[in-house]
Amino acid sequence: MELQKFLDYVQAENKVEPKDMMPEDYRKLLVRQISQHAHSEVVGMLPEANWISRAPSLRRKMALLAKIQDEAGHGLYLYAASETLNDGTIRADRDSTYNDMLAGKAKYSSIFNYPTLSWADIGAIGWLVDGAAIMNQVMLMGNSYGPYARAMVRICKEESFHQRQGYEILMTLCRGTKEQKEMAQQSLNRFWWPALMMFGPNDDASPNSQKSMNYRVKRESNDALRQRFIDVTVPQAEFLGLKVPDKNLKWNEETQHYDFGELPWDEFYEVLKGNGPANKKRLETKRKAQRENAWVKEAAIAFAEKLELEK
Ligand code: FAQ
């Protein structure tokens, strides 16, 4: 298909489906983003899994287990969406994309390379990490690739439960003892900047944005989404009685937005290079799981082959 015709098609808000003709770089861009997104969901299970055995009550444990299972489901929808783009030249099957991640060749969200040091971090992940994810994914519900856009609708519904359970954990801590409130504050101090970095580099340093916007994969820029997240989240922090750790944060009457300080971009790029506090641990955990659970996959394949033979 001629490029201009394709651009007109997606820019007129039409959806592209798996068997449609599409430019190679559109296919590549989607495989890159959808598979990174899928890896984020499945690696993102690890920081929270760290607290399942230490959740402070049965109710909290059940909610946390349900949330983490949802994330596995999100990974599955996304790997399935990515696989629809496999065309023989661009590899998008689940094994290839997953193995690229295990080999350290494919990215996943920087945020999951931070450790969860206290129970309050589980609250902060729900509130801030799922909150930032929703802000980004609501935009992606309108992206031009049908399977990805449809996966986002269901994911967003589930993420909003995640966000609420996180905020509710922090509300409980902030209404508790002085020590509990301090634990919540320390957690906000640790997760605030990494959560803002989830939106990616500033627009003028984002190499993929322009193409992605043209193809209607991204509908809003990294900076626009980050600003919206800050604008809705700061009042939520105030409601909790917590202080956002940014001395430059200030409401701007003129723009009707919060002004905020420079993000620690050196840290962001170090995490992307694999040098974040938990990068190595995350990949080792996933590699170990693949090794130890290989027999389950082999058994399932053998069983499916047996059923096929019996037909
Ligand atoms: N971390 O040119 P841009 C969740 C990379 S889901 C790591 O601006 P783009 C749910 C980027 O890939 C969270 N890498 O890139 C949950 C690119 O590298 P490449 C995940 C990052 O794609 C909650 C390079 O930097 N959500 O949390 C990051 O136009 C709780 C240049 O950047 C998604 O993946 C980063 N933060 O915009 C699960 C949403 N930012 O590929 C469990 C879908 C940028 O050229 C528990 N993705 N990079 O080598 C997107 O919307 C976009 O990919 C962006 C980045 C906005 C993340």
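Modeller: A pocket here is found on a 1 Å grid over the protein atoms alone, as an open set of points where a 1.4 Å probe fits, with protein on both sides within 12 Å along at least five of seven lines; lining residues have an atom within 4 Å of a point. Grid points are joined across faces, edges and corners, and a volume is the space filled by probe spheres set on the points. The model is predicted, with local features requiring pLDDT of at least 70 and side-chain atom pairs pLDDT 80 or more, while totals for chains, interfaces and linings use all residues. Residues are numbered from 1 along each chain as its sequence is written, and side-chain values use heavy atoms, without hydrogens or water.

The largest pocket has a volume of about 1000 Å³. Its lining has 44 residues, with Gln36, Ser109, Met198, Phe199 and Gly200 the closest to the centre. Two or more lining residues come from each of the helices H2 (24-43), H4 (58-83), H6 (119-140), H7 (146-174), H10 (222-240) and H11 (265-275); helices are DSSP runs of H or I with at least four residues, numbered from the N terminus. H6 gives the most to this lining, with 9 residues. By class the lining of the largest pocket has 19 nonpolar, 15 polar and 10 charged residues, where Ala, Val, Leu, Ile, Met, Phe, Trp, Tyr, Cys and Pro count as nonpolar, Asp, Glu, Lys and Arg as charged, and the others, Gly among them, as polar.

The ligand takes up the space of the largest pocket, the criterion being that more than half of its atoms lie within 2 Å of the grid points. Around the ligand are 35 residues, the closest being Gln36, Lys107, Ser110, Ser206 and Lys218; a residue counts if one of its heavy atoms lies within 4 Å. This shell draws at least two residues from each of H2, H4, H6, H7 and H11, and divides into 13 nonpolar, 13 polar and 9 charged.

Polar contacts are pairs of N or O atoms within 3.5 Å. A polar side-chain atom of Lys218 is 2.6 Å from a ligand oxygen atom, and a side-chain N or O atom of Ser206 is 2.7 Å from an oxygen atom of the ligand. Pro207 takes part through a backbone N or O atom, 3.3 Å from a ligand oxygen atom. Taken alone, the ligand exposes 1100 Å², and the protein buries 91% of that, with areas from the Shrake-Rupley method and a 1.4 Å probe.

Note on methods. Polar contact = N/O pair within 3.5 Å; in protein donor to acceptor, adjacent residues only side chain to side chain.
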